[in-house]
Amino acid sequence: MSEDAEPRRRRPRYSGPNPRHFAHKYKEADPSKYPETFQKVLASGKTPAGAHRPIMVAEILEVLRPAPGDLAVDCTLGFGGHALQILPSLLPGGRLIGLDADPFELPRTEQRIREAGFGEDVFLAFRCNFAGIAAVVAKTEGRAPKIILADLGVSSMQIDNPARGFSLKHDGPLDMRMNPNKGLPVSEVLPRSNADELKALLEENADEPFAERLANALAGRRLKSTLELANAVRQCLSDRPADARELSVRRVFQALRIHVNDEFQVLDTLLKALPGQLAPGGRAAILTFHSGEDRRVKKAFETGLKQGDYSEISDGVIRAGEAEQRANTRSKSAKLRWAVARTS
Ligand SMILES: C[S@@+](CC[C@H](N)C(=O)[O-])C[C@H]1O[C@@H](n2cnc3c(N)ncnc32)[C@H](O)[C@@H]1O
């Protein structure tokens, strides 16, 4: 499975009652060792450090209808939140294949799912990009999946860990790769970029209204940390109100993250592969978090319906209910679409 090992580091200890820094939250980040702390943080309505709360679980189960004997593929295993909800319904006789590009989180999730009682007969984990779904299914199974789920973007564990370089909250190396062993980090992409490319990328990946100004300010820059990038954006837009500046900081981070992970291209590859991968009558559900992703899913599902690859697709998007949106702010921007493969 994962050939990438995380370097061992000494854990910074914290003796106070309310740790604020990610590295000090080691108790809530380790549910098997400190279950009470983990549950306490969950009960307070927060997402424990190093964890991820699955979004729209009830809606996804209703859409995917997992049943005993089914083969399911979770293209974005993450913390295993959705997988752990789907797995019991596949028994007896079914199996879930979990894919994730992240070499650090995947082994932890696999261990957590094993500890929950799911052996290799019912659960397999692969570190791989979901663009390679066809090869994984072909090498592990002699049948097509009845269920395919993709919950796009990054997990809370990735965002909250400053060392991964996605974080706006805490300073960290400017990286943003889901698989840090592949491709280039943002800190190496920016110095090689020119203003035209960067402008196009900010517009295409994040609909950034100040794309030209920001591209001129950022292209070719050698920025090493997430805070340096955030401050460079703030400085460039210093004549704008603070809330507009912060929105641009978020959009610049999103655009660069999409770029270094090639997110649109791999999503397009997955969407193209989906109808051919699903078993007849099989069901796919995709959770998206911004318009660039949703546009692609909508178009691919509509095209698939017209071409007869799908017999049915969702009529519009399904959104998280009010209670979930209140309890988990990350669910606010989530949009769920589904499609059913033709039966013959
Ligand atoms: C939003 S999280 C999924 C959370 C998961 N559904 C859960 O309930 O715990 C997205 C995950 O997908 C992974 N990911 C994103 N794009 C991917 C891709 N193209 N191939 C494989 N994994 C990907 C990320 O590394 C991250 O772990």
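**Terms and values in a predicted model**

Student: Why is Arg65 called exposed?

Tutor: Arg65 has 12 other C-beta atoms within 10 Å. A residue is exposed at 12 or fewer, buried at 20 or more and partly exposed in between, with C-beta atoms placed from the backbone, so Arg65 counts as exposed. The model is predicted: local features need pLDDT of at least 70 and side-chain atom pairs pLDDT 80 or more, whereas totals for chains, interfaces and linings use all residues. Numbering runs from 1 along each chain as its sequence is written.

Student: What makes the phi of Arg65 worth noting?

Tutor: Phi of Arg65 is positive, about 45 degrees, although the residue is not a glycine. Most residues other than glycine have a negative phi. Arg65 belongs to the loop between helix H2 (57-64) and E1; helices (H or I, at least four residues) and strands (E, at least two) are DSSP runs numbered from the N terminus.

Student: How is Asp262 classed, and on what count?

Tutor: Asp262 is partly exposed because it has 15 other C-beta atoms within 10 Å. Its phi is also positive, near 55 degrees, and its place is the loop between helix H11 (242-260) and helix H12 (263-277).

Student: What is the geometry of the peptide bond from Leu91 to Pro92?

Tutor: That bond is cis, with omega near 0 degrees. Most peptide bonds are trans. Pro92 lies in the loop between H3 and E2.

Student: Why is the unit of E1, H3 and E2 called right-handed?

Tutor: The word is used because, with the strands pointing away from the viewer, the path from the first strand over the helix to the second runs clockwise. E1, H3 and E2 form a β-α-β unit of this hand.

Student: What makes a residue part of the shell around the ligand, and which come nearest?

Tutor: The C-beta atom, placed from the backbone, must lie within 6 Å. Of the 21 residues around the ligand, Pro54, Thr76, Gly78, Phe79 and Gly81 come nearest. Helix H3 (81-90) and strand E2 (95-100) each supply at least two residues of the shell.

Student: What is the largest nonpolar core, and which residues have the most contacts inside it?

Tutor: A nonpolar core joins buried Ala, Val, Leu, Ile, Met, Phe, Trp, Tyr and Cys residues through C-beta atoms within 7 Å. The largest has 51 residues, and Cys75 and Ala285 have the most contacts inside it. Strand E7 (residues 335-341) gives the most to this core, with five residues. Leaving aside residues up to four places away in sequence, Ala285 touches Ile60, Val63, Leu64, Leu149, Leu336 and Trp338. Apart from this core lies another, of 28 residues, including Val154 and Leu214.

Terms used: Two residues are in contact if their C-beta atoms, placed from the backbone, lie within 7 Å.
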